[in-house]
Amino acid sequence: MHQLLSASARLVSIVAACSVALLSGCAINMKVPVKDPAPSAVKYEQAEKSGAMALYFKDDQPAAVKGNILSGSIPMQMTYRDKPFDAAPWIAQHTVAELIARGAAASLAQSDANATTVSIKQIHVENHRVSGFSPFVTFTSVSADLMLLGGPQRITAYVKRGKVPVWSFDEIIEPTFNEPLNLLTKELAAKINQRVFMLAASDKQVTDLVALITTVRLNGPPRADSQALV
């Protein structure tokens, strides 16, 4: 009986390993290099009239998850400049850079002295794949509290992306990791602006963005050498 149970356990382990291999191809523990996003080109109106504010990002995630934000079907290693990806300072840097690019008088503080605190509660990337023929999907999210005089205000961002790799699993890195992280910082910047700086793009810029979206839906994405609006 003991030998039968041992054989069954080995069979289950082999089936599980084969299932993961089928789902991931060569992706198990592959490195996922994170890139710095390009800030937006659209500036807010009347930004020069807004007050200046320093933002201090505090990583309040549980210690067990701070260095391990990725989970899901396929074990992978997110890296930044050839080192393990430390998501909180990366998000802080690029969220503030996005606010500055849009014209808000924001700066990144190194302490909470004379600064508004952004308390990061969770950063998470979960990947999922049903079979070797289905899309590789990521669910990327961030949750934080903006600590204002009237009390904390929750700000969140959530991005879902999928891609079916055709020739190599490297094809999934840009659309399912870098693009969602890019959008995450832009969403956080927009929501911080709504609560703190209260700036807005001009009507013409909004009209141009709507026209661009309509064009992309009808004709596909613009050429790589065209000027980006977002």
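**A helix and its surroundings**

A: Helix α3 is followed by G103, whose phi is positive, near 105 degrees. Before we go on, this is a predicted model, in which local features need pLDDT of at least 70 and side-chain atom pairs count only at pLDDT 80 or more, while totals for chains, interfaces and linings use all residues. Residues are numbered from 1 along each chain as its sequence is written, and side-chain values use heavy atoms, with hydrogens and water left out.

Now to the helix itself. Helices (H or I, at least four residues) and strands (E, at least two) are DSSP runs, numbered from the N terminus. From its first C-alpha to its last, α3 reaches 21 Å with 15 residues, close to the 21 Å expected at 1.5 Å a residue; that expected span is 1.5 Å times one less than the number of residues.

How many residues of α3 are buried? Eleven of the 15 are, so the helix is largely enclosed by the rest of the structure. Here buried means under 20% relative accessible area, exposed over 50%, and partly exposed in between (1.4 Å probe, protein chains only). The buried residues are A87, A88, W90, I91, A92, H94, T95, V96, E98, L99 and A101. They pack against β2, β4, β6 (106-108), β7, β8 and α4.

H94 lies in α3 and counts as buried at 9% relative accessibility. Its side chain makes a polar contact with the side chain of D36, at 2.9 Å. A polar contact is a pair of N or O atoms within 3.5 Å; within protein, one must be able to donate a hydrogen and the other to accept it, and residues adjacent in sequence count only if both atoms are side-chain atoms. Not counting residues up to four places away in sequence, H94 touches D36, P37, Y80 and T185, where contact means heavy atoms within 4.5 Å.

E98 is buried too, at 2% relative accessibility. It forms a salt bridge with R102, the closest N and O atoms being 2.7 Å apart. A salt bridge is a side-chain nitrogen of Lys or Arg within 4 Å of a carboxyl oxygen of Asp or Glu. R102 is also buried, with a relative accessible area of 16%.

By that rule the count comes to eight salt bridges. Another one joins K58 and D60 at 3.8 Å, N to O. There D60 is partly exposed at 28% relative accessible area, and K58 is partly exposed at 40%. K58 and D60 are linked with K121 in a network of salt bridges. In helix α4 (residues 173-197), K191 and E187 are four residues apart, which puts about one helical turn between them. Their side chains meet in a salt bridge at 3.2 Å, N to O, and E187 is partly exposed at 33%.

What surrounds the helix on the nonpolar side? The largest nonpolar core has 46 residues, and those with the most contacts inside it are M76, M78, F85 and F177. Such a core is a set of buried Ala, Val, Leu, Ile, Met, Phe, Trp, Tyr and Cys residues joined through side-chain atoms within 4.5 Å. The elements that give two or more residues to it are β2 (53-59), β4 (77-80), α3 (87-101), β7 (116-128), β8 (136-148), β9 (151-163) and α4. The largest share, nine residues, comes from α4. Beyond its neighbours within four places in sequence, F85 is in contact with V34, I69, M78, T79, Y80, W90 and L181; W90 is one of the buried residues of α3.

Moving on to strand β9, I155 lies there and is buried, with a relative accessible area of 1%. I155 and A144 are eleven residues apart in sequence and 5.4 Å apart in space, C-alpha to C-alpha. Leaving aside neighbours within four places, the contacts of I155 include V118, A144, L188 and K191.

Stepping back to the whole chain, there are five helices and nine strands, in the order α-β-β-α-β-β-β-α-β-β-β-β-α-α. Of the 230 residues, 37% are buried. Among contacts with a separation of 6 or more, 73% are between residues 24 or more positions apart.
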